[in-house]
Amino acid sequence: MDTQPRCEADCFVGDSLAHLRDFPDQARSLAGYQLREVQKGHDPADWKPMKTVGPGVREIRIREAAGAFRVIYLATVGDSVVVIHAFQKKTQQTPQKDIDLAVSRLRAWKG
């Protein structure tokens, strides 16, 4: 199971930063921009709540030439942003394995 200590500032849980870094250049740039907007207290351009993962959890949706990419994060931790999971989406519906991973990482992060 992924475990990581609580963050006092912005953080990435598990291997979410590595997966975000593996996004194609355009998708990675868009994800970074949207996360900066969240840090500033703004909503991302395209997002939806992820109530199946937990309260306050959201998903940034990125669509570009290389495909669909998602960043699942929790932004209700003071001024911090906690990135729980980042992945490329290959089907219409978010795969259950990605939802389950996000749920387990959120539980581990909360301790």
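**Nonpolar cores and their surrounding elements**

In this predicted model, the largest nonpolar core comprises 15 residues, and within it the residues that make the most contacts are V53, V57 and I84. At least two residues of this core come from each of β4 (67-77), β5 and α3, and the greatest contribution is that of α3, which provides 5 residues. Leaving aside residues up to four places away in sequence, V53 is in contact with I99, A102, V103 and L106. In soluble globular proteins, nonpolar side chains tend to be buried together.

Strand β5 is mostly covered, since 9 of its 10 residues are buried. This strand is joined by 2 bridges to strand β1, which consists of residues 11-12, and the two strands run parallel. Within this pairing, C11 is placed opposite V82 of β5.

Helix α2, spanning residues 25-39, contains 15 residues and extends 21 Å from its first C-alpha to its last, a value close to the 21 Å expected at 1.5 Å a residue. After α2 comes G41, for which phi is positive, near 95°.

T94 is located in the loop that lies between β5 (80-89) and α3 (96-110). Although T94 is a loop residue, it counts as buried because its relative accessibility is 8%, which falls under the 20% cut-off. When residues up to four places away in sequence are not counted, T94 touches E59, F87, K89 and I99; I99 is likewise among the residues that V53 touches.

L17, by contrast, belongs to helix α1, which is formed by residues 16-21. In sequence, L17 and A86 are 69 residues apart, yet in space the distance between them is 7.5 Å, taken from C-alpha to C-alpha.

Technical notes: Residues are numbered from 1 along each chain as its sequence is written. This is a predicted model: local features need pLDDT of at least 70, side-chain atom pairs count only at pLDDT 80 or more; totals for chains, interfaces and linings use all residues. Side-chain values use heavy atoms; hydrogens and water are left out. Helices (H or I, at least four residues) and strands (E, at least two) are DSSP runs, numbered from the N terminus. Buried means under 20% relative accessible area, exposed over 50%, partly exposed in between (1.4 Å probe, protein chains only). Contact means heavy atoms within 4.5 Å. A nonpolar core is a set of buried Ala, Val, Leu, Ile, Met, Phe, Trp, Tyr and Cys residues joined through side-chain atoms within 4.5 Å. The expected span of a helix is 1.5 Å times one less than its number of residues. Two strands pair if DSSP finds at least two bridges between them.
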